[in-house]
Amino acid sequence: MSRILILLILFLVMGCNLQTSLSDSSSSSSTSSIVSSSSSSSSSSGLPSTNGGTFNPGTGYNLVWNDEFNGSGIDLNNWSYDTGASGWGNNEWQNYTDNGSGGANAYITNGMLVIKAIKIGGLQAGGFTSARLKTQGKKFWKYGVIAARIALPQGGKGIWPAFWMLGTNISTVGWPACGEIDIMEWLGDQAYTVYGTLHWEENGHASYGLNRTISAYQSFHIYHAEWTSSYIKIGVDGTYYYTMDITTAGTTEFHNPFFIILNLAVGGNWPGYPTAATPFPQYMYVDWVRVYQK
Ligand SMILES: [Ca+2]
């Protein structure tokens, strides 16, 4: 998910064709909101509030799948774990575990999914454990509104949580030809900035990303995408800041089913690496994930 260089190259190669295919709405000053949860405060337990918020996916959309994380454990009908310390294509430092019987790296508490990054060794590859949950092979969708209510970690250099999607055909066509929809990524040393990005294959790896400033990142915000046959929009707390046209010949990957991923990475090419000043453990809280379709 290295992007700045790729984006520059893409612009140079594609020139105005690409420019006209993209609609950058980041300059919009609209603050009209269809949510009422962004100012939730911490509860007395020190955990972020889990009042559920209010989210309106838009006219005509109906809930087709959700996980409210209100049960006693992680629902394995919805989720499985990616595991290992391969670096995940980005030279990441965490070892994603299968979470074992003790649920050290992912668990449910107070109606929230918690993904916990733990320091188990030095400031190096393998020095951390964390979790990456995915609906691959279990739940996947083509088009719709995909939303999650997430409170971000304490942060610091090298902390990289994400709420994102990959095409289900990744096992046959590989990445980036499967397509990638990054609904929310966050770098722990840029605490008030969230990123939305698409990655796809178009004469090599192509990507387009924008970001949005948020407040009070450790409280819950709703991160969401609207994905139709014509476009993908990405937003936070009911306001879309990103739109990309997906009707072009080069973006066919966004017309296949995708699955959802929630993860908390430690270190990598894009975020950089934790230092002695980066606090651990780090916690990513997810109140719910919902998918709506027409
Ligand atoms: Ca919940």
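Visitor: What makes up the secondary structure of the chain, in helices and strands?
Guide: In this predicted model, the chain has two helices and 18 strands. One of the helices is helix 2, at 170-173, and one of the strands is strand 18, at 282-293.

Visitor: How much of the chain is buried?
Guide: Buried residues account for 55% of the 294 residues. As for the surface, the chain exposes about 11,600 Å², and carbon and sulfur atoms supply 50% of that.

Visitor: What share of the contacts between residues at least 6 apart joins residues at least 24 apart?
Guide: That share is 71%.

Visitor: Why is T251 called buried?
Guide: Its relative accessible area is 1%, and buried means under 20%, so T251 is buried. T251 sits in the loop between strand 16 (239-245) and strand 17. Leaving aside residues up to four places away in sequence, T251 touches W200, E202, M244, D245 and I246.

Visitor: And why is A125 called exposed?
Guide: Exposed means over 50%. A125 has a relative accessible area of 55%, so the label exposed applies. You'll find A125 in the loop between strand 6 (112-119) and strand 7 (128-130).

Visitor: What makes W88 partly exposed?
Guide: W88 has 21% relative accessibility. W88 belongs to the loop between strand 3 (80-82) and strand 4 (94-96). Its phi is near 55°, a positive value in a residue other than glycine.

Visitor: Where is Y143, and what is its phi?
Guide: Y143 is in the loop between strand 8 (132-134) and strand 9 (144-151). Phi of Y143 is near 75°, a positive value in a residue other than glycine.

Visitor: Which residues line the largest pocket closest to its centre?
Guide: The largest pocket has a volume of about 270 Å³. Its lining counts 15 residues, and W88, N90, R132, W164 and E180 are the closest to the centre. Strand 10 (159-167) and strand 17 (258-266) are the elements that give two or more residues to the lining. Strand 10 has the largest share, with four residues. By class, the lining holds nine nonpolar, three polar and three charged residues.

Visitor: How do you know which atoms coordinate the calcium ion?
Guide: For Ca, a donor is an N, O or S atom within 3.2 Å. E68 (O), N70 (OD1), G111 (O), D287 (O) and D287 (OD) lie at 2.2 to 2.8 Å, so they count as donors. Along the chain, the donors follow the spacing E-x1-N-x40-G-x175-D.

Visitor: Is N70 buried or exposed?
Guide: N70 has a relative accessible area of 57%. The exposed label needs over 50%, so N70 is exposed.

Note on methods: Residues are numbered from 1 along each chain as its sequence is written. This is a predicted model: local features need pLDDT of at least 70, side-chain atom pairs count only at pLDDT 80 or more; totals for chains, interfaces and linings use all residues. Side-chain values use heavy atoms; hydrogens and water are left out. Buried means under 20% relative accessible area, exposed over 50%, partly exposed in between (1.4 Å probe, protein chains only). On a 1 Å grid over the protein atoms alone, a cavity is a set of points where a 1.4 Å probe fits but cannot get out, and a pocket is an open set with protein on both sides within 12 Å along at least five of seven lines; lining residues have an atom within 4 Å of a point. Grid points are joined across faces, edges and corners, and a volume is the space filled by probe spheres set on the points. Ala, Val, Leu, Ile, Met, Phe, Trp, Tyr, Cys and Pro count as nonpolar, Asp, Glu, Lys and Arg as charged, and the others, Gly among them, as polar. Contact means heavy atoms within 4.5 Å. Accessible areas come from the Shrake-Rupley method with a 1.4 Å probe; for residues, only the protein chains shown count as cover.
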